Each structure stands twice: as structure tokens, then as C-alpha cells.
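Open the model in your viewer and keep the selection tool at hand. The stops below say what to select next and what is there.

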Amino acid sequence: MGKNALSEIKHTLDHYIGKKIHLKANSGRRKTIERTGILEETYPSVFIVKLDEAQHAFERVSYSYADILTESVELTVLQAEERLPVKYIKTTQ
């Protein structure tokens, strides 16, 4: 499940490169960070988000696909009026 699940998440995110996203990340001890930005690039083990400049001190952040798998990062693609959550859903065949 491990490698296959991570590659499925990467493949899903590949379709949203250049799209506006909203991410919610757990940073430990009941702290949650919410950010918006553009999905800039996907790499074999991480993805990069370019943050909106007016809202954040950092220019870019990166997270691993395992963060999405373990739900420590929630990613939502913002398209017009639509919100598309990106999650890994285990399917049985």
C-alpha cells in the first residue's frame, strides 16, 4: 500500500499544478496552519506550494505525499466556485 498510495496521491496532484489550493496543516500541539497558494511543482516525494504573498511571510512551502496520506495536511483545490478535496481513498478490488 505504501508506495502505491503515495504515487496515486502524486499522480492526482500532477493534474492540479498551477491551480489555486487551500491547505490546512497540523503543526503539533493542537496548532493548525491554514494557507492558500498555487500548487507549483510535484517531485517524487514532495510537492511545492507557492503561497499568496500578501498573506504569508514565506514564499514557498513543501510537504510530502505521506502528509496527505496520514491526514496531517488537508489539501483542497479551489476551482471557480468548486472545492475539490485531495485525499487518498483505499479501494478494494
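A search of this predicted model finds two aromatic pairs in the whole structure. Select F47 and Y63: their ring centres are 6.2 Å apart and their planes stand at 40°, so this pair is tilted. F47 belongs to strand β3 (residues 46-51) and Y63 to strand β4 (residues 60-64), so the pair ties together parts that are 16 residues apart in sequence. Both F47 and Y63 are buried.

From β3, move to strand β2. β2 and β3 run antiparallel and are joined by five bridges. Select L39 to find one partner across the strands: its bridge partner in β3 is V49. Three residues lie between β2 and β3, which form a hairpin.

Next, show β1 beside β2 (residues 32-42); these strands also run antiparallel, with seven bridges between them. Pick A25, which stands opposite I33 in β2. β1 and β2 form a hairpin too, with five residues between them. In that turn, select G28, where phi is positive, at about 90°.

The last stop is H22, in strand β1 (residues 20-26). Is H22 buried or exposed? Its relative accessibility is 17%, and buried means under 20%, so H22 counts as buried. Display the side chains of H22 and E34: a polar contact of 3.1 Å joins them. Leaving aside neighbours within four places in sequence, H22 is in contact with E34, R35, T36, E74, L75, T76 and L78.

Technical notes: Residues are numbered from 1 along each chain as its sequence is written. This is a predicted model: local features need pLDDT of at least 70, side-chain atom pairs count only at pLDDT 80 or more; totals for chains, interfaces and linings use all residues. Side-chain values use heavy atoms; hydrogens and water are left out. Helices (H or I, at least four residues) and strands (E, at least two) are DSSP runs, numbered from the N terminus. Buried means under 20% relative accessible area, exposed over 50%, partly exposed in between (1.4 Å probe, protein chains only). A polar contact is a pair of N or O atoms within 3.5 Å; within protein, one must be able to donate a hydrogen and the other to accept it, and residues adjacent in sequence count only if both atoms are side-chain atoms. Contact means heavy atoms within 4.5 Å. Rings of Phe, Tyr and Trp (its six-membered ring) pair if their centres lie within 6.5 Å; planes under 30 degrees apart count as stacked, over 60 as edge-to-face and the rest as tilted. Two strands pair if DSSP finds at least two bridges between them.
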